[in-house]
Amino acid sequence: MRKILEEQIENLHKDFAQMGREVAKAIENATEVFKNHDEELATKIVENDDRINESEIYLERKTAQVIALQQPVASDLRVLITILKASSDLERIGDHAVNVTHAAVRIGSQNRNEEIENTLVAMSQHVHKMLEEIIKAYVDNDETAARKVAQTDSESDRYLRKVREQAIEEMQRNSSFVAVGSEYLIVGTHLERIGDYVTNVAEWIVYTNTGRIVELGPNSSYKK
Amino acid sequence: MSINKYDFNEKSILKFDPNEHEIAIETKNLQVYYGNNHALFDGNLQFERYKITSLIGASGSGKSTYLRSLNRMNDNVAKVDGQIMYRGLDVNTSKINVYEMRKHIGMVFQRPNPFSKSIRENITFALKEQGLKNKQKLNEIVEQSLRDAAIWDEVKDDLDKSAWSLSGGQQQRLCIARTIAMKPDILLLDEPASALDPISTSKIEETLVELKKRYTIIIVTHNMQQASRISDYTAFFHLGHILEYDKTKHIFTVPKVTATNDYISGNFG
């Protein structure tokens with residue numbers, strides 16, 4: 001009985017980590033599209049997102065089955081709840097990567113601003129790194145690492161503020177830049193949301209280890 | 001993995017604040033010996049009134065030994081040291097009238113054991129022995145007890161049929177009715193549903209949840225889901241030691257003791 005449960009949880013761990021890597025790839029590719037306007041890659045990101053969505057559905061279905069059939073409790077149950085909840089977070093990160101891609105395509109080649117784009121690329125690389133690190137923390141079941149990753153979300157917020165300042169300043173100076181500037185703001189907001197979802201995953205890793213549902217991240221009013 | 005790997009000093013035992021929780025019964029430093037075999041060590045548990053408490057643990061962990069000590073079923077079987085405090089009295093002393101005490105602390109066993117008598121007489125037998133002769137009063141108690149044990153509707157037209165004509169699940173509910181006819185304070189149940197099918201089990205569980213409005217219930221069970229479904233508190237026994245006692249919702253989500261986590265997860269032995 002126990003062996004079956006352990007095998008099933010192990011498989012779910014692998015599937016979850018794989019989904020995490022695919023989502024991380026989506027962010028990486030979205031950054032690439034943003035930098036180079038590679039429309040072929042943009043199409044690929046959108047197509048891959050269907051696979052990410054399917055992964056989430058698969059993980060939800062399998063987790064529900066394991067809960068119903070094996071009736072896990074205590075630490076096993078916490079692991080499964082984490083997979084169930086954190087897979088939704090990963091799926092949302094995938095959606096934000098797609099939205100960044102769409103915005104990048106809309107920006108086109110007119111009125112681009114290198115300085116703001118550099119900030120956005122750095123921001124994108126930052127949240128990508130956050131995601132990679134949180135997947136590693138998940139695989140290692142490392143609560144301390146997860147908490148550290150959540151702390152770095154303040155960096156995403158700083159990037160977003162910088163993008164806002166730069167874009168608004170440029171929009172005020174040059175009204176023909178408003179359309180592109182708005183897209184930059186949209187991209188920044190999507191990337192910032194990715195940081196928030198990575199923080200959610202960190203919170204679930206803490207839950208797996210302690211049973212406590214906590215609020216991490218720089219904006220939390222009741223950090224634990 | 002060896003079942004002996006756990007540290008008996010790694011314990012977490014819930015203590016109630018008497019200002020917030022009414023204690024129905026409490027054991028202090030309870031020790032049980034079968035001859036030279038020390039079967040239960042340091043039983044220190046408090047049971048809250050009008051709650052269901054599950055005692056869980058592997059076979060030989062001491063949970064049934066502990067339960068049976070509570071209403072002195074271990075007399076002449078084992079040596080029981082320590083205090084069992086009930087309404088300010090230590091019932092584990094020779095001064096106590098055990099039969100009188102068992103009217104307050106009743107027991108239902110694993111296998112249904114109705115008397116070889118009619119359904120009605122199963123309820124009235126002990127009451128008549130105590131001198132209750134008023135037929136109307138007896139009928140009232142029969143109906144109320146059977147209703148409380150959620151079996152009245154099934155047997156009300158067959159009260160004079162043999163109790164043995166009932167199914168196992170019905171027999172067990174009759175035994176619960178027989179116990180509560182004595183108006184006990186505390187109901188002890190030793191794996192009351194382990195010999196029953198899932199439907200009968202579910203009826204027993206529903207009955208117990210209903211009964212806790214008026215009784216304090218302590219139940220030994222091997223069925224983890226049963227413990228998690230119906231009990232408010234759970235105590236985990238291991239090799240004669242009580243290692244963890246807490247709210248059931250904590251035991252089954254965030255147990256504090258490694259051995260508890262392993263046992264309830266099936267990662268044991």
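Modeller: Gln31(B) stands opposite Asp81(B), a residue of strand 5 of chain B. The model in which this pair is seen is a predicted one. The two strands concerned are strand 2 of chain B, residues 23-34, and strand 5 of chain B, residues 79-86; they run antiparallel and are joined by 7 bridges. As a general point, side chains in a regular strand alternate between the two faces of the sheet.

Strand 5 of chain B has a further pairing, with strand 6 of chain B, residues 89-90. These two strands also run antiparallel, and 2 bridges join them. Within this pairing, Tyr86(B) has Leu89(B), in strand 6 of chain B, as its bridge partner. Strand 5 and strand 6 of chain B form a hairpin, with 2 residues between the strands. In the turn lies Arg87(B), whose phi is positive, at about 50 degrees.

The strands described here belong to a chain with 10 helices and 11 strands. Chain B has a radius of gyration of 19 Å, close to the 18 Å given by the globule rule for 269 residues, and is therefore as compact as a globular protein of that length. Its C-alpha trace spans about 55 × 45 × 40 Å along the principal axes of chain B. Of the 269 residues in chain B, 45% count as buried. When contacts in chain B between residues at least 6 apart in sequence are considered, 69% of them join residues at least 24 apart.

Chain B also touches chain A. To this contact chain B gives 12 residues and chain A gives 10 residues. On the side of chain B that touches chain A, helix 8 (224-230) and helix 10 (258-264) of chain B each supply at least two residues. Helix 8 of chain B provides the largest share of that side, namely 3 residues. Sorted by class, the side of chain B that touches chain A comprises 5 nonpolar and 7 polar residues, with no charged residues.

In chain A, helix 3 covers residues 74-107, which is 34 residues. From its first C-alpha to its last, helix 3 of chain A reaches 50 Å, close to the 50 Å expected at 1.5 Å a residue. Gly108(A) follows helix 3 of chain A and has a positive phi, near 60 degrees.

Methods: Residues numbered from 1 in each chain as written. Chains lettered and ligands numbered in written order. Predicted model: local features only at pLDDT ≥ 70, side-chain atom pairs only at ≥ 80, totals over all residues. Contact = placed C-beta atoms within 7 Å. Helix = DSSP H or I, 4+ residues; strand = E, 2+ residues; numbered from the N terminus. Nonpolar A, V, L, I, M, F, W, Y, C, P; charged D, E, K, R; others polar. Expected span 1.5 Å × (residues − 1). Pairing = 2+ DSSP bridges. Rg over C-alpha atoms; globule rule 2.2 N^0.38 Å. Buried ≥ 20, exposed ≤ 12 C-beta atoms within 10 Å, placed from the backbone.
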